[in-house]
Amino acid sequence: MNIDFTGRVAVVSGAGSGIGFACAEALAKSGAAVAMVGRNADKIQKAAAMLADAGTVAPYALDIADAAAIPAVVERIRADLGEISVLIQAAGVMTGGPGLELTPEAWDAVMETNAKGTFFLMQQVVKQSMAAHGGAILNIASMAGIRGMVPPMCSAPYSASKGAVVAITLQAASEWGHLGVRVNAIAPGGTASFNTGVVTPHDGPGGNPPPVTNYVPTGRVMNTPEEIAAAAAFLCSDLSGNTTGQVMVIDGGASIVGY
């Protein structure tokens, strides 16, 4: 069985590094024309240049926290590449710290991108393209959205925002299924990648291999971005054509043993 996106247009947010970059690469290599979206114009252009040999990719600068800017960028993608049939949302920010030290400003900064921005990008893609043609959406949530995690690994606004991603995934799947739009999410555990440039495949922070531990069933605490991208591609493909409203946990089994 092959995953084939030939002739389809995909949008990937947070495509400048990490999971988003890996998803853009996987889709481009599978035949999709990929709109790579990121808030830093220089970074997203550099990332797109790195994937020029993978297939058809195009960079678009957009900070999804600016909900008012989203409709025009979606319209431009449609004009440039065609109607959108796949959306993968990997854009996100993380502000850590103990709950007793959080400020309203820190809370809002995370929620504006991770929750509000995720919803309104999804909304505009559906309104402008998928409502008429159907499609598949994959949101990147987090284990932090479905269980408690001790700082500095996560924080209250990050956990709340990723819980919101899970909730809006389920709501969108319920509302838009009759339009032929499937909406799923992945809740990764830790995912090792560089976060200052573009991802280097199979490398952990600082270029080191993902750490190994005996406490996790697979022996690995960290996923690679490529592992998340492979699952995302599957959930957006015709191979999962009757799957919607699901949250796939990818954490090496850490959650089942309470790690």
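Lys116 and Glu112 sit 4 residues apart in helix H4 (residues 104–133), about one turn of the helix. Their side chains form a salt bridge, with the closest N and O atoms 3.6 Å apart. The term needs a side-chain nitrogen of Lys or Arg within 4 Å of a carboxyl oxygen of Asp or Glu. Lys116 is partly exposed, at 34% relative accessible area. Glu112 is partly exposed too, at 30%. Partly exposed lies between buried (under 20%) and exposed (over 50%), with a 1.4 Å probe and protein chains only.

This is a predicted model: local features need pLDDT of at least 70, side-chain atom pairs need 80 or more, and totals for chains, interfaces and linings use all residues. Numbering starts from 1 along each chain as its sequence is written, and side-chain values use heavy atoms, without hydrogens or water.

The structure holds 5 salt bridges. One of them pairs Arg8 with Asp238, at 2.6 Å between the closest N and O atoms. Arg8 lies in the segment before strand E1 (9–13) and Asp238 in the loop between H6 and strand E9 (247–250), so the pair ties together parts 230 residues apart in sequence. Asp238 is exposed at 57% relative accessibility, while Arg8 is partly exposed at 24%.

Now the helix packing. The axes of H1 (residues 18–29) and H6 (residues 225–236) come within 8 Å and cross at roughly 55°. Axes are lines fitted to C-alpha atoms, here over the stretch in contact, and angles run from 0 to 180 degrees between N-to-C directions. Helices are DSSP runs (H or I, at least four residues) and strands are E runs of at least two, numbered from the N terminus.
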